[in-house]
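Subject: Structure handover

Hi,

Here is the structure, with the sequence alongside. My notes follow below it.

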Amino acid sequence: MTTVVPTSEEDPALSVVRFTSELSWSDAGPEVAEQQVSRLCVEAQECMVMNRWLDLTSLMLTSADIVFSNSKVSEKDLECIFTVICNLVTKSKSPDEELEMAKLICAKIIQQPSDKPVLRLKILFNLYNLLDNVYCRFYVYMKALNLAMSGKVTEHIIPSCKKIDSFLKEWILEVRDQRELFLCVANALKDSKSSAKDSFKFLTRYLATFSGEDAYIMGEAKDEAARTIIEFVKAPDMFQCDLLDMPAVAQLEKDAKYALVYQLLKIFLTQRLDAYLEFQAVNSALLKSYGLVHEDCIAKMRMISLVDLASHESGRIPYTLIKDTLRIDDDDEVELWVVKALTSKLIACKMDQMNQVVLVSSCTERVFGRQQWQVLRTKLGTWRDNIANVINTIQANKITEDSSQAVQGLMIR
């Protein structure tokens, strides 16, 4: 956080007013300029004497556009000017006044996001750190996110997105504000290849906030629900999600615009390659309209279909079944797709080339709903019973061993 250190007897705020007003009126001639500069300085002094910090903030921001566009003002000077302006929020008399001052500063900073965007972002972060009101902090952070996207400098704000959970604990937001935050963060992350999965996670967090809402409010999520489905289908390294369980997504099943998108999701989460090929044959134009590449979808569905086989074939999958399900021709291709699934950690298995079978020890579930919980419960119950049997056997053997030792001791005496 930048700290204001006075270097002269004049108040820093008054120095900024004098500097910016001289810059603004420099082309009006010495007499007019001197008169206007004096008027503005007197007005600034009156604001300070009467503790009218909101009015002073407004006065100091009137020349901000000229300061930003003037080539004679260095970025360092710009930062110093706005450090003084931002520091006024520490003098506010109430949280409401602090918020209004923050809104004024933000409105001026984000006006031209493509002009010196990194500096503008730095100013907003400085303002954020000076604020006491937690809602003010949320407000400024949202403006910083939008500025970063508009100015195409999201790489400077992405690191802060990793702290969203700690921010949420501090800000204590209402549901509507949470939605706005999650969606904005998802949009900020979407263009970064290294953050694509994080973007998807924030989209799902956004959708998860629509639970128990009426149809009108739920309808707000339709576009983003469809977008999230498409992002999942497009992602070559995402094979598992909980979208089907979300009310915001479920509403698309009977939606006139997005019913086919929902059907596509069900295919990728509950069916196999043959179902996708049937869907594509009828809806190829729809897939292209969403930017989906047929070959990429086939590749993903082959991986998904292999995982589905692993979860339904009692641990032994014949090569012939894999060929039929994945629509491939020879054993080499079978082994190629098995290796891909192994390296993606979708299945744990061994290939028995002699007997032409894949021996599966475990696999990833595409969805984890009621049925999967029931299977897990059954497995845990079986493991518990097995462990109990082992313990009973050990205890029985120990009793037998102790009895034998006791008998031997009697015989020796």
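Strands S2 and S3 (residues 357-363) run antiparallel and are joined by six bridges. Strands count as paired if DSSP finds at least two bridges between them. Strands themselves are DSSP E runs of at least two residues, helices are H or I runs of at least four, and both are numbered from the N terminus. Across this pair, Met351 stands opposite Val358 in S3. Lys350 has Leu359 of S3 as its bridge partner.

Before going on, note that this is a predicted model: local features need pLDDT of at least 70 and side-chain atom pairs count only at pLDDT 80 or more, while totals for chains, interfaces and linings use all residues. Residues are numbered from 1 along each chain as its sequence is written, and side-chain values use heavy atoms, with hydrogens and water left out.

**The sheet**

S2 and S3 form a hairpin with four residues between them. Gln356 lies in that loop between S2 and S3. Its phi is positive, near 60°, and it is not a glycine. Most residues other than glycine have a negative phi. Gln356 is partly exposed, because its relative accessibility is 29%. The cut-offs are under 20% relative accessible area for buried, over 50% for exposed, and partly exposed in between (1.4 Å probe, protein chains only).

S3 also pairs with S1, again antiparallel, over three bridges. There, Arg316 stands opposite Leu359 in S3.

Angles run from 0 to 180 degrees between N-to-C directions, with axes fitted to C-alpha atoms, for helices over the stretch in contact. Contact means heavy atoms within 4.5 Å.

Lys345 sits in the loop between H20 and S2. Its phi is positive too, near 60°, and again the residue is not glycine. Lys345 is exposed, because its relative accessible area is 71%.

H19 and H20 pack at about 80°, with their axes 10 Å apart. So H19 is roughly perpendicular to H20, a label that covers 65 to 115 degrees. H19 contributes Tyr319, Ile322, Lys323 and Leu326 to the contact. H20 contributes Asp331, Val334, Glu335, Trp337 and Val338.

Thr325 also lies in H19 (residues 319-326). Is Thr325 buried or exposed? It is buried, at a relative accessible area of 11%. A polar atom of the Thr325 side chain lies 2.8 Å from the backbone oxygen of Leu321. Leaving out residues up to four places away in sequence, Thr325 touches Arg272, Leu273, Ser305 and Leu309.

Helix H7 (residues 117-130) has 14 residues. From first C-alpha to last it reaches 20 Å, close to the 20 Å expected at 1.5 Å a residue. The expected span is 1.5 Å times one less than the number of residues. H7 is mostly covered, with ten of its 14 residues buried. Among them are Leu119, Arg120, Leu124 and Tyr128. The cover includes helix H4 (64-69), helix H5 (75-87), helix H6 (95-109), helix H8 (134-150) and H10.

Helix H12 (residues 196-208) has 13 residues and should span 18 Å. Its end C-alpha atoms are 18 Å apart, which agrees. Its buried residues include Phe200, Phe202, Leu203 and Tyr206. Among the elements covering the buried residues of H12 are helix H9 (158-161), helix H11 (175-189) and helix H14 (222-234).

**Lys108**

Lys108 is in helix H6. It counts as buried because its relative accessibility is 16%. Lys108 touches Leu61, Ala64, Asp65 and Arg120, not counting residues up to four places away in sequence. Lys108 and Val261 are 153 residues apart in sequence and 41 Å apart in space, C-alpha to C-alpha.

Best wishes

Conventions:
A polar contact is a pair of N or O atoms within 3.5 Å; within protein, one must be able to donate a hydrogen and the other to accept it, and residues adjacent in sequence count only if both atoms are side-chain atoms. Angles under 35 degrees count as roughly parallel, over 145 as roughly antiparallel, 65 to 115 as roughly perpendicular and the rest as oblique.
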